[in-house]
Amino acid sequence: WLVVPIVLFIAPSHTSHWLSLVLQTLFRLLWVLPLYLISRLLNVFWFQEIADMVYRAVKRNKTRNVAPSISAVIADIVYSVVVQSIFLVQAGIASSLPVLGYPLNLLHMSLVYSMYGFE
C-alpha cells in the first residue's frame, strides 16, 4: 500500500489512473491469489480430517471409507471459486452504482465472507 501512492506522486497525471489499476492488479495476482489458493488447499485437507474424526465419534462402527475422490475435491474447489468470483464481480459492479452502490457492495461482501466462514 505504500508503493502505489509514491508511484502515483512521481508519475504524470495522465498515466496515474492506468498505473494505479496495473499495480493493484499485480498486487492481487501476485500476493492475494496465491495466499487464497494455498489456504483453500490447506482447508480441504484439514477440514476433511476434522470431518473424519467427527464421523468416527458419531458412528463408532465405520464400515466404509468416506474419503471423497480427488475429482470430487477438485470439482468442489472449482465450484466454490466460480461462485465466489461471481459474487466478487457483482460486488465490484454494484459499488459503481450511484445511490445503492455502497449498500449493495456491503451486502455482496457480507455474503462472500459468510461463505468463507462456513466452507
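Student: At what angle do helix α3 and helix α4 pack in this predicted model?

Tutor: Helix α3 covers residues 70–95 and helix α4 covers residues 101–118. Where the two pack, their axes lie 7 Å apart. The angle between helix α3 and helix α4 is about 165°.

Student: Are α3 and α4 roughly parallel or roughly antiparallel to each other?

Tutor: The angle between α3 and α4 is about 165°, and angles over 145 degrees count as roughly antiparallel. The crossing of these two helices is left-handed. With that angle, α3 and α4 are therefore roughly antiparallel.

Student: How many residues of the contact of α3 with α4 are nonpolar, polar and charged?

Tutor: On the side of α3 the contact includes V83, F87, L88 and A91, while on the side of α4 it includes L104, L111, V112 and M115. Among the other residues taking part are Q84 and Q90 of α3 and N105 and H108 of α4. Taken together, the residues of this contact divide into eleven nonpolar, six polar and no charged.

Student: Which elements does the protein chain have, and in what order do they run?

Tutor: The protein chain holds four helices and zero strands. Read from the N terminus on, its elements run α-α-α-α.

Student: What percentage of the residues of the protein chain count as buried?

Tutor: The protein chain exposes about 9600 Å², and carbon and sulfur atoms supply 74% of that area. A residue counts as buried when its relative accessible area is under 20%. Of the 119 residues of the protein chain, the share that counts as buried is 14%.

Methods. Residues are numbered from 1 along each chain as its sequence is written. This is a predicted model: local features need pLDDT of at least 70, side-chain atom pairs count only at pLDDT 80 or more; totals for chains, interfaces and linings use all residues. Side-chain values use heavy atoms; hydrogens and water are left out. Buried means under 20% relative accessible area, exposed over 50%, partly exposed in between (1.4 Å probe, protein chains only). Accessible areas come from the Shrake-Rupley method with a 1.4 Å probe; for residues, only the protein chains shown count as cover. Axes are lines fitted to C-alpha atoms, for helices over the stretch in contact, and angles run from 0 to 180 degrees between N-to-C directions. Angles under 35 degrees count as roughly parallel, over 145 as roughly antiparallel, 65 to 115 as roughly perpendicular and the rest as oblique. A crossing is left-handed if the near helix is turned anticlockwise from the far one by less than a right angle, and right-handed if clockwise. Contact means heavy atoms within 4.5 Å. Ala, Val, Leu, Ile, Met, Phe, Trp, Tyr, Cys and Pro count as nonpolar, Asp, Glu, Lys and Arg as charged, and the others, Gly among them, as polar.
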